[in-house]
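I am opening my notebook on this structure.

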Amino acid sequence: MKKHDQDFIKRQNRLTVFRIIQNQHPISRASIAKQTGMSATTVSRIVGELSEQGYILESEQVSSGLGRKSTLLDVVASSVLSIGIELDTHQIHLGVVDMQGSLVCSEIYPRAAEESPEHTIVRLESMIDEVTKRHAIDRSKVVGIGVGLPGIINHEQGIVVFSVQLGWKNVPLAERLKVLTGFDVVVDNELKVKALAEHLKGAATGSIRTALLGFGNGVGSSLILEGEIYRGDLNSAGEIGHTTMDPNGTLCECGKAGCLQTYINISSLLLEANKIRPIRSIEELFEARRAGASWAVHLIGRALEYMAITVNNIVCMYNPDSVILSGELIDKFPGIYEEVEQLCLSRFVWEPLRGSFQVLRSGLNERGVVIGSGLLAQNWFFALD
């Protein structure tokens, strides 16, 4: 076997062992060997390396049950930190994430929709500097930056191929941000990193096939199959918001007519509402619904129906065991969850599949993208280190 193949296998084994300890701690060496099929010697060598570097420690707990007792392994949460960033049309959410996926601190900054890519990237460097100083973060422990944003992303090269919401095309985000900050940078689609966070630390822990749906400024989905993010050939798997519902429908911001998201996303709802009366925010639209305005009741009711249709389409295509509802609409108006769930069960989900999956709330809500981006940066670090 060639040396570079051997090195690759060693890195993969190391990453596998580390991820198991990170996600299942406290855990014994024997349990890791059983799960991975690695020899006890290989597991002990990797554990020794990780322990020597200060990433893990031997816990005082010992495994229960019959037979020989074994010391359990745990992570040193503060030994590794990463910066997680959610980049959206009107705001930037930035946080510091530790090795257990907890937010050490976070800040939200406004962003103008027309802001250029270069100006945003320069601002990101300034924000990172400000947050780390304000919260006394030891930058020597920061192993990288993860950025989650809407659109089609070349995650291997860190290039924003196309983002309708941001108006970006072929932006080398990772390269530019690394030059400015000195940190390694990984970039991915926001719902993919959010699905990763939900799988590791949120509502989808223990799930085998998870579909995460995002309803907010856009409409999208992300799939986790057998514990891995399903990406497709161009990392564009899950762009369900641009599936065509009506070729003669409303023009979408992507340039096509009748895309699914034109019936659900916030900007489309506000555009329709303003044909009736001036509505400045999604909160005002829901207030009009609560007040009984028939046009608002119809508009939001139609959006909820299309959300339930989206759940049915995803379930029919991928047969997941869990469907997570997330996004700004779900976070701001929790009652939507029950309404969509009821529509799924009563009208829209194909009858043979009813009862075959759970409809779940996001466990991380607005923190999901930041935490997922931070964890992605850590995974990148441990895979290469």
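I looked up Leu 325 and found it opposite Arg 361 in β16. I count two strands as paired if DSSP finds at least two bridges between them. Strands (E, at least two residues) and helices (H or I, at least four) are DSSP runs, numbered from the N terminus.

I note here that the model is predicted: local features need pLDDT of at least 70, side-chain atom pairs count only at pLDDT 80 or more, and totals for chains, interfaces and linings use all residues. Residues are numbered from 1 along each chain as its sequence is written, and side-chain values use heavy atoms, with hydrogens and water left out.

**Entry: the sheet with β15**

In what order do the 5 strands of this open sheet run? I read β14-β13-β12-β15-β16, with mixed pairing. At the edges I find β14 (228–230) and β16 (358–361), each pairing on one side only. From one strand to the next, the twist averages 25°. Angles run from 0 to 180 degrees between N-to-C directions, and axes are lines fitted to C-alpha atoms, for helices over the stretch in contact.

Next I checked the helices. Helix α6 (residues 190–201) lies across β12 (209–215), β13 (219–225), β14 and β15, at about 45° to β13. Helix α9 (residues 294–318) also packs on the sheet and touches β12, β13 and β15. The direction of α9 makes about 155° with that of β12. Contact here means heavy atoms within 4.5 Å.

**Entry: another open sheet**

I then traced an open sheet of 5 strands in the order β6-β5-β4-β7-β11, with mixed pairing. Its edge strands are β6 (103–110) and β11, and each pairs on one side only. The twist averages 15° from one strand to the next.

Strand β7 (residues 142–149) runs parallel to β11, and 5 bridges join them. Leu 149 has Asn 189 in β11 as its bridge partner.

**Entry: a hairpin**

β9 (residues 159–163) and β10 (residues 168–171) pair in the antiparallel sense over 3 bridges. Phe 162 has Lys 169 in β10 as its bridge partner. The hairpin has 4 residues between the strands, and Gly 167 takes a positive phi near 75°.

**Entry: the second largest pocket**

How much space lies in the second largest pocket? I note about 820 Å³. Its lining has 27 residues, and Leu 15, Arg 19, Gly 227, Glu 228 and Asn 379 lie nearest the centre. A pocket is an open set of points on a 1 Å grid over the protein atoms alone, where a 1.4 Å probe fits, with protein on both sides within 12 Å along at least five of seven lines; lining residues have an atom within 4 Å of a point. The volume is the space filled by probe spheres set on the points.

The largest share of the lining, 8 residues, comes from α1.

**Entry: salt bridges**

I searched the whole structure and found 20 salt bridges. Each is a side-chain nitrogen of Lys or Arg within 4 Å of a carboxyl oxygen of Asp or Glu. Arg 176 forms one with Glu 118, their closest N and O atoms being 2.5 Å apart. Arg 176 lies in helix α5 (residues 173–181) and Glu 118 in helix α4 (residues 117–134), so the pair ties together parts 58 residues apart in sequence.
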